[in-house]
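Please have the sequence and the 3D view ready.

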Amino acid sequence: MRKVSRSVPAPKDLGLVDVIGVPEGATVELDLRLESVMEGVLVTGTAHAPVTGECVRCLEPVERELDAEFQEMFSYPDADTRTARKDEAGDDAEDEDAFELEDDLFDLEPVLRDAVVLALPSQPVCREDCEGLCSECGVRLADDPDHHHEVTDIRWAALKDLNKDFGTDQGADENQEK
Ligand SMILES: [Zn+2]
Ligand SMILES: [Zn+2]
């Protein structure tokens, strides 16, 4: 068993595209435990990385730190093992998902991608109680909590104008009297 720690730059599109993810090139800290087992190497680890995205309610930037956990078996590219597996599973489906060691190396990227996507919120919010944007004018309600509009029922809108005209006329009359 070996433990290794690595800091690697994030690959492109690590996360949910256009929603939230690890910025390309940001440092991903990996803590890995590599265990030699009969059929290959069992990799258990955690990834720590910054994520950025947009609040789905108010579109403000969201910044988080992400911890993703993963475990994956990387098998020796051994024909016997593959056949045995195929017989057990009864179809090829499992084989396609299986990871293999290549010249004593393993490619962690697809495993990291899956783990990061699973650990990310699919509906990120800037804060749990984010009220989003005003449906009338689009202002962010968290910035302006007392914000409100005079909501005029369309059926009263005409009367409101009448009122205004009346007020103006009255004012004009008063002026004339003076
Ligand atoms: Zn928000
Ligand atoms: Zn508004």
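Cys134 counts as buried because its relative accessibility is 10%; buried means under 20% relative accessible area, exposed over 50%, and partly exposed in between, with a 1.4 Å probe and protein chains only. His149, at 30% relative accessibility, therefore counts as partly exposed.

Ideal angles for four tetrahedral donors are 109.5 degrees. Cys134 and His149 are 15 residues apart, and each sits in the loop between helix 3 (109-119) and helix 4 (154-177).

## How the model is described

This is a predicted model, in which local features need pLDDT of at least 70 and side-chain atom pairs count only at pLDDT 80 or more, while totals for chains, interfaces and linings use all residues. Residues are numbered from 1 along each chain as its sequence is written, chains are lettered from A and ligands numbered from 1 in the order written, and side-chain values use heavy atoms, leaving out hydrogens and water.

## Strands around strand 5

The chain has 4 helices and 7 strands, where helices (H or I, at least four residues) and strands (E, at least two) are DSSP runs numbered from the N terminus. Their order from the N terminus is β-β-β-β-β-β-α-α-β-α-α.

Strand 5 (residues 40-54) pairs in the antiparallel sense with strand 3 (residues 20-22) over 2 bridges; pairing requires at least two DSSP bridges. Gly21 has Thr52 as its bridge partner there. Strand 4 (residues 27-37) is also antiparallel to strand 5, over 9 bridges, with Asp31 opposite Thr46, and these two strands form a hairpin with 2 residues between them.

Strand 6 (residues 61-75) runs antiparallel to strand 5 and is joined to it by 15 bridges; Ala49 stands opposite Leu66. Their hairpin has 6 residues between the strands, and Leu59 takes a positive phi near 70° in it.

## The chain as a whole

Of the 178 residues in the chain, 28% are buried.
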